[in-house]
Amino acid sequence: MPKQPIEIRPIAGALGAEIFGVDLACEMSDDIIKAIRHALLNHLVIFFRDQDIEPVHQIAFAKRFGNLIEYPLVKGLDGFPEIVPVVKLPHERANFGGLWHSDTTYLDLPPMGTILAARELPPYGGNTLFANMYMAYETLSEGMRSMLDGMVGISSSAKSRVSKTRENLMKTSSKVSDSIELMAEHPVVRTHPETRRKLLYVNFGHTVRFKNMTEAESAPLLNFLYAHQTRPEFTCCFRWLPGSIAFWDNRCTQHNPVNDYHGFKRVMHRVTIAGERPA
Ligand code: OGA
Ligand code: MN
């Protein structure tokens, strides 16, 4: 057990907890890191408040949980390629990732987690919603669960509004051609590699269809699953304040940043931790 125990305060019934008693700008003991990982596995998304950190601290903290990966379609900060700035300017209408999704499931190895730090916030709004994909799976009927168990979903980087936002970003900070479409196949029901619990692993942002089925054939069932998996009682809402940091387990959660602050600027710094092949 850590010598100086951390305090964990859940923010909702489904998922999400605030962690107090740690300073992310300081080097932490292995015991503290273990306690934080444990809290992440238990609460799926964890939040830190009043943190005064620089990019170098965010990178050092993230590296305690695994190798960092660079975002495939967006360029990082100068001098800190692992940090992607997530920005919405006052005149912009679309926000980065502005719909329910799990990050970059169009990769063969999607990230295990993402750590997002608030840098500049609008005066109101700009909250981020999270949803619990264990609950989404466990609340399906036995018949639906056994049907989904053997199915495979196809994710694409080109789907929907997420990609439009990225195309906008790519005009100014591209490192790959915007004609590239990344695609990956993953099981519709995934087993979390650490908790060994099953979870629902399709998402509105990136899943385009089931394997061996057309988009039209897949749509009715996918649309049902998208609506089911984001039922309010499976979610939490995180209100950002200066110094707030969120760390989500990207394997068993989805998130949706609320786009309700037109006319104001919002700047976040994002790092991504490498994950394993979904199975
Ligand atoms: C992301 C994302 C959420 C937010 O960085 O992957 O979806 O609140 N951002 O900005
Ligand atoms: Mn995201």
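These notebook entries record what I looked up in a predicted model.

**Helix α1**

I compared the length of α1 (residues 30-43) with expectation. At 1.5 Å a residue, its 14 residues should span 20 Å, and the end C-alpha atoms are 20 Å apart, which agrees. I then listed the buried residues of α1: Ile-32, Ile-33, Ala-35, Ile-36, Ala-39, Leu-40, Leu-41 and His-43. An α-helix has 3.6 residues a turn, so residues three or four places apart point the same way. I looked up what covers these buried residues and found, among others, the strands β1 (7-10), β2 (17-20), β3 (45-48) and β14 (245-249), together with helix α2 (55-63). After α1 comes Leu-44, for which I noted a positive phi, near 75 degrees.

His-101 lies in the loop between β5 (84-88) and β6 (113-120) and His-255 in strand β15 (residues 253-257), so the pair ties together parts that are 154 residues apart in sequence. I checked the accessibility of both histidines: His-101, at 4%, counts as buried, and His-255, at 5%, is buried as well.

**Nonpolar cores**

The largest nonpolar core has 45 residues, of which Phe-130, Leu-148, Val-188, Leu-200 and Leu-225 touch the most other members. For Leu-225 I recorded contacts with Leu-140, Leu-148, Leu-200, Val-202 and Phe-210, leaving aside residues up to four places away in sequence. I also found a second, separate core of 27 residues, including Ile-6, Ile-33, Ala-35 and Ala-39.

Methods
Residues are numbered from 1 along each chain as its sequence is written. Chains are lettered from A and ligands numbered from 1 in the order in which they are written. This is a predicted model: local features need pLDDT of at least 70, side-chain atom pairs count only at pLDDT 80 or more; totals for chains, interfaces and linings use all residues. Side-chain values use heavy atoms; hydrogens and water are left out. Helices (H or I, at least four residues) and strands (E, at least two) are DSSP runs, numbered from the N terminus. The expected span of a helix is 1.5 Å times one less than its number of residues. Buried means under 20% relative accessible area, exposed over 50%, partly exposed in between (1.4 Å probe, protein chains only). Contact means heavy atoms within 4.5 Å. A nonpolar core is a set of buried Ala, Val, Leu, Ile, Met, Phe, Trp, Tyr and Cys residues joined through side-chain atoms within 4.5 Å.
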